[in-house]
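Here is a brief report on one model.

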Amino acid sequence: QVQLVESGGGLVQAGGSLRLSCAASGHTFSRYRMGWFRQAPGKEREFVAAITSSGGSTYYGVSVKGRFTISRDNAKSTVYLQMNSLKPEDTAVYYCAARESDIAAEYKYWGQGTQVTVSS
């Protein structure tokens, strides 16, 4: 069983930055494809970003591309989401998720989420 714990959320003004972290338990983090998702009140969950197990490839949702950066440190079993130029529409609960491998079909493990609020 893998546990994911997000941190780094908070309240920030529009145009500001935040860095989210997601720490994973277990010894196989380097095999996991990791992703960030978000869900705003009354809206469906939205894909934000993903990174392959080696960190060699990254993927972004259209709404965050160019502003957010996903990265990982396999030695620390941690994935990060650097969020710059934040907008009020980025307000949501942000979730970290893990696939057991780069070819796994779905994100099997999810964190509890961290709230990000962007004020205008």
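## Nonpolar core

The largest nonpolar core has 29 residues. Those with the most contacts inside it are L4, M34, W36, V79, L81, M83 and Y94. Seen by strand, β3 (18–24), β4 (33–39), β5 (46–51), β7 (68–73), β8 (78–83), β9 (92–99) and β11 each supply at least two residues of this core. The model is predicted.

M83 shows what surrounds one of these residues. Residues up to four places away in sequence are not counted here. M83 then touches G16, S17, L18, L20, R67, F68, Y94 and V116. One of these partners, Y94, is itself listed among the core residues with the most contacts.

## Aromatic pairs

The structure holds 5 aromatic pairs. One of them joins F29 and Y32: the ring centres are 6.2 Å apart and the planes stand at 80°, so the pair is edge-to-face. F29 is buried, at 1% relative accessibility. Y32 is buried too, at 5%.

F37 and Y107 form another pair. Their centres lie 5.1 Å apart with the planes at 80°, so this pair is also edge-to-face. F37 belongs to strand β4, whereas Y107 sits in the loop between β9 and β10 (109–110), so the pair ties together parts that are 70 residues apart in sequence. The relative accessibility of F37 is 11%, and F37 counts as buried. Y107 is likewise buried, with a relative accessible area of 13%. Ring pairs also link F37, F47, Y107 and W110 into a cluster.

## Charges over rings

Which ring lies under the charged end of R19? It is the ring of Y80, with the charged end of R19 4.0 Å from the ring centre.

## Positive phi in two serines

Most residues other than glycine have a negative phi. S77 has a phi near 55°, a positive value. S85 has a positive phi as well, near 50°.

Both serines are in loops. S77 is placed between β7 and β8. S85 lies between β8 and β9. Is each one buried or partly exposed? S77 counts as buried, because its relative accessibility is 14% and the cut-off for buried is under 20%. S85, with a relative accessible area of 40%, is partly exposed.

## T114 in strand β11

T114 is found in strand β11, which spans residues 114–119. T114 is buried, with a relative accessible area of 11%. A polar atom of the T114 side chain lies 3.3 Å from the backbone nitrogen of G9.

Which residues does T114 contact, leaving aside its neighbours within four places in sequence? They are E6, S7, G8, G9, L20, A92, V93 and Y94.

Notes. Residues numbered from 1 in each chain as written. Heavy atoms only, no water. Helix = DSSP H or I, 4+ residues; strand = E, 2+ residues; numbered from the N terminus. Buried < 20%, exposed > 50% of the residue type's maximum accessible area, 1.4 Å probe, protein only. Polar contact = N/O pair within 3.5 Å; in protein donor to acceptor, adjacent residues only side chain to side chain. Contact = heavy atoms within 4.5 Å. Core = buried A, V, L, I, M, F, W, Y, C linked by side-chain atoms within 4.5 Å. Phe/Tyr/Trp six-rings, centres within 6.5 Å; stacked < 30°, edge-to-face > 60°. Lys NZ or Arg CZ within 6 Å of the ring centre and 35° of its normal.
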